[in-house]
Amino acid sequence: MKKAVHFGAGNIGRGFVGEVLAANGFAIEFVDVNETIIEALNQHHSYTIEIAEDGKRQVCVNNVSGINSRLHPEAVVNAIVEATIITTAIGPNILPFIAQLIAQGIQKRRLAGVTEPIDVLACENMIGGSQFLLSEVVKYLEPADQAYVEQYVGFPNAAVDRIVPAQSHEDPLFVVVEPFKEWVVETSKMKNASLKLAGVHYEKNLEPFIERKLFSVNSGHATAAYSGAHAGAKTILQALSIPEVKTQLAAVFGEMRQLLIAKWDFTEDALKAYHAVIISRFENPYIVDDVSRVARTPLRKLGYDERFIRPIRELKERSLPYDNLLKTVAYVFTYRDDNDEQSQQLQQMLSETDLPQVVKEVTGLEDQDLIAEIVAAIEQVRA
């Protein structure tokens with residue numbers, strides 16, 4: 001049986017990537033540091049996914065096991081040697097921490113004379129995730145290993161999309177997911193081009209699809225969360241029942257459509273239909289998604305190349321409107337969650353430093369006019 005090594009045994013790893021890999025006949029070795037999850041995987045070798053829809057259909061994923069990378073790093077390296085595909089769903093900030101293990105696995109593949117090509121797919125909410133992971137992996141490679149990577153190891157970027165809310169169950173492996181799922185892989189950077197997973201869409205140029213997803217699903221979800229929090233909502237479903245929040249989301253989508261049309265070969269009608277589907281996904285009555293989950297890590301979400309500042313920059317460059325995106329950014333700056341470290345950090349910065357300086361530091365912007373516009377939007381929301 002073909003083997004997959006997947007880093008990240010959380011809800012996305014099990015409820016999305018694991019489902020697709022298993023459906024394609026892979027035995028999956030999940031790598032994580034969560035002892036409860038790893039022990040359960042090794043005890044049961046299967047888990048159940050429930051689809052959040054009428055009837056609550058269930059999918060059983062079999063042939064799974066786990067490795068605790070903190071306790072048994074050598075087992076991870078050995079698993080990589082035997083793998084046909086490597087995937088991740090651990091969060092962009094964690095990718096550098098698995099790079100050395102992947103590098104050691106690659107080195108051992110070379111020393112073992114493995115010439116079967118393999119691809120490493122970072123299934124994260126970021127642009128260029130797999131290539132970023134490659135840049136971290138090469139830090140641990142010798143020249144001979146780097147030459148081996150050039151020939152046999154691909155790092156094709158990927159775009160993934162499925163809502164998996166925060167949840168807790170008696171069975172630590174059980175996971176509830178929305179019906180919709182989309183996984184797109186960039187063919188131009190694949191080394192094992194003969195391996196095409198059923199249920200995965202392959203494109204030569206991934207960037208339009210990553211941006212469509214990031215600037216729609218991620219930006220839209222965050223818009224609903226931060227606008228909803230400002231209006232007092234506790235869940236995304238509750239947020240979208242508030243007319244002002246839904247109006248704000250629709251307005252942000254309108255601005256995003258103009259950017260996507262200006263940059264890529266998308267039509268207005270196609271994007272309107274895509275955005276309508278996204279809103280219906282956010283309003284799924286079977287999914288209770290907390291605002292606090294979607295709105296967590298506001299500092300990361302305010303980054304220069306992230307879901308708000310990047311489209312604002314690119315809309316401004318094209319002299320296209322971005323007023324509603326500015327309003328959402330203001331909601332992010334005023335968001336408070338005492339249980340979120342980044343939210344606390346942001347509020348501390350705002351209490352100790354002049355607002356324009358905080359905006360500049362958090363967003364990475366040098367454009368003084370744009371910084372001033374964001375400051376004005378924040379002050380208007382505060383008023």
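How many positive and negative side chains does the protein have, and how far apart do the centres of the two sets lie? In this predicted model, 37 positive side chains (Lys and Arg) stand against 51 negative ones (Asp and Glu, with His and the chain ends not counted), and the two centres are 3 Å apart. Each charge was placed at NZ of Lys, CZ of Arg, CG of Asp or CD of Glu.

The protein contains 17 helices and 12 strands, assigned as DSSP runs (H or I, at least four residues, for helices; E, at least two, for strands) and numbered from the N terminus. Its radius of gyration of 21 Å agrees with the value near 21 Å of a compact globule with 383 residues, taken over C-alpha atoms by the rule of 2.2 Å times the number of residues to the power 0.38. The C-alpha trace spans about 65 × 50 × 45 Å along its principal axes. Of the 383 residues, 55% are buried (under 20% relative accessible area, 1.4 Å probe, protein chains only). Of the contacts (heavy atoms within 4.5 Å) between residues at least 6 apart in sequence, 71% join residues at least 24 apart.

Asn218 belongs to helix α7, residues 207-230. With a relative accessible area of 6%, Asn218 is buried. Beyond its neighbours within four places in sequence, Asn218 contacts Asn125, Lys213 and Arg307.

Residues are numbered from 1 along each chain as its sequence is written, and side-chain values use heavy atoms, with hydrogens and water left out. Local features need pLDDT of at least 70 and side-chain atom pairs count only at pLDDT 80 or more, whereas totals for chains, interfaces and linings use all residues.

Terms used. Buried < 20%, exposed > 50% of the residue type's maximum accessible area, 1.4 Å probe, protein only.
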